[in-house]
Amino acid sequence: MNPELVEQITKMVVEKLQTKASVGGEQAVEEAPSKMSDEVSGKVEVKFWNHRTDHIGAKCEQNLGCIELEPEKEIPLEPKSPVGLENPFNKEELDLLISKTPARIGVGRAGLRPKTDTWLKFRFDHAAAVDAVYGDVDPKILENLSLFKVNTKVSDKEVYVRRPDFGRKLSDEAKQLITQKCKKSPTVQIIVSDGLSSKAVEENLEDVYLSLNQSLQSLGLDVGTPFFIEKGRVAAMDDVGDLLEPKVLVYLIGERPGLVSAESLSAYLCYEPRHGTIEADRMVISNIHKGGIPSVEAGAYIGTLVQKILKYEASGVSLVNKEG
Ligand code: B12
């Protein structure tokens with residue numbers, strides 16, 4: 001996306017979240033970026049799935065870095081996929097259910113089998129998921145963002161899939177390179193990994209990264225030297241924490257593809273990650289993709305979350321406990 005547009009949107013989201021924080025107290029920073037108007041977002045399609053209208057306004061379950069949804073004016077009654085049932089018992093109810101989920105419901109069947117359309121769509125989505133896991137990130141994207149590349153202890157994708165523990169450890173060469181090239185003890189360290197979807201990185205990284213940086217800059221935070229970890233797992237952040245000792249680490253990583261999206265990115269955050277950090281002290285903003293949280297808004301939002309983590313000197317469950 002064009003950098004000026006990214007800047008404009010980032011500024012708006014950060015300002016909005018901060019205004020809400022000053023008006024509504026601490027809780028407001030947790031709110032998700034809302035729908036941007038079409039004039040501002042240009043071609044950005046902002047669409048949040050709003051499955052649980054009854055939970056609107058409530059805090060997320062366990063508060064683990066969840067994003068709250070803003071109330072939608074009206075529930076779209078248009079079905080997201082054509083109803084495959086010829087004579088549904090209650091068509092209105094079925095349309096309503098379908099409008100609330102991207103899951104494959106109401107697709108009908110032909111005898112005992114799925115219909116051809118349904119089956120082909122399933123095969124297509126499954127192939128996209130496999131490609132996302134086994135593909136590599138286009139090196140041009142890393143070049144554009146000046147990210148140097150390091151490896152984990154994983155040799156190839158088969159090993160990556162079978163041995164998550166290898167993906168959680170940096171190789172010895174990686175440790176050397178990171179120590180040589182990166183600024184020590186930054187306030188914020190950003191790292192990126194293909195994780196379980198290189199497609200997620202290709203589709204979303206540039207926008208998330210740009211708006212995250214702008215958001216951190218506008219908050220006056222000092223950012224370290226970013227880099228890319230090939231075939232990394234979330235807990236590889238602990239090795240990076242030991243080496244660089246950042247206050248907050250933001251880890252942008254491809255999510256395990258589902259049959260709804262194969263290009264979904266997550267941002268895992270942690271205050272002072274170190275070897276031995278417990279999972280409960282990490283937090284995640286997931287579902288960053290064009291059918292979920294749009295990348296530019298996600299980047300801006302992550303910046304404000306970093307600010308909150310710094311304020312409480314805690315992340316994940318510890319942050320929730322400190323917030324009270
Ligand atoms: C696989 C998965 C799991 C697996 C992880 C198994 C493993 N060792 O790989 C299991 C079943 C254990 C799991 C558990 C939980 N999960 Co989960 N999980 C996922 C899923 C489907 C994919 C994650 C992924 O691709 N990660 C990237 C790869 C590369 O990471 P990895 O290094 O291989 O594995 C690590 C991460 O997956 C991480 N992780 C997984 N879930 C969660 C949740 C949170 C809050 C955190 C901080 C980390 C985390 O833990 C793994 C070990 O370090 C996502 C869906 C999504 N759209 O992202 C939900 C998702 C991330 N999980 C979620 C939740 C709520 C949980 C639980 C809190 C559920 C619970 N009530 O116990 C726990 C917390 C686990 C934790 N580590 O703290 C939510 C988070 C919502 C949010 N925005 O906060 C998601 C988005 C699902 C959803 N839509 O509700 N999860």
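The model is a predicted one. Strand β5 covers residues 265-271, and seven of its seven residues are buried. Its pairing partners are β4 and β6, and the largest share of the shell around the ligand comes from β6.

- Strands β4 and β5 pair in the antiparallel sense, and seven bridges link them.
- Within this part of the structure, Leu252 stands opposite Ala267 in β5.
- Strand β6, made up of residues 282-288, runs antiparallel to β5 and is joined to it by five bridges.
- Leu265 stands opposite Ile288 in β6.

**The largest nonpolar core**

- Nonpolar side chains tend to be buried together in soluble globular proteins.
- The largest nonpolar core here has 57 residues, and the members that touch the most other members are Met237, Val250, Tyr251, Ala267 and Leu269.
- Helix α11, residues 295-312, supplies the largest share of this core, namely eight residues.
- Leaving aside residues up to four places away in sequence, Tyr251 touches Ile191, Val234, Met237, Ala267 and Tyr268.
- Among these contacts of Tyr251 are Met237 and Ala267, which are also listed with Tyr251 among the core members touching the most others.

**The shell around the ligand**

- The ligand is surrounded by 21 residues, of which Gly195, Arg233, Val234, Arg256 and Glu279 are the closest.
- Strand β6 contributes five residues to this shell, the largest share.

**The loop residue Glu245**

- Glu245 lies in the loop between helix α10 (237-244) and strand β4 (248-254).
- Glu245 counts as partly exposed because it has 16 C-beta neighbours inside 10 Å, whereas a buried residue would need 20 or more and an exposed one 12 or fewer.
- Not counting residues up to four places away in sequence, Glu245 touches Lys184 and Ser185.
- Gln189 is 56 residues from Glu245 along the chain, and their C-alpha atoms are separated by 8.9 Å.

Technical notes. Residues are numbered from 1 along each chain as its sequence is written. This is a predicted model: local features need pLDDT of at least 70, side-chain atom pairs count only at pLDDT 80 or more; totals for chains, interfaces and linings use all residues. Helices (H or I, at least four residues) and strands (E, at least two) are DSSP runs, numbered from the N terminus. Two residues are in contact if their C-beta atoms, placed from the backbone, lie within 7 Å. A nonpolar core is a set of buried Ala, Val, Leu, Ile, Met, Phe, Trp, Tyr and Cys residues joined through C-beta atoms within 7 Å. Two strands pair if DSSP finds at least two bridges between them. A residue is near a molecule or strand if its C-beta atom, placed from the backbone, lies within 6 Å of it.
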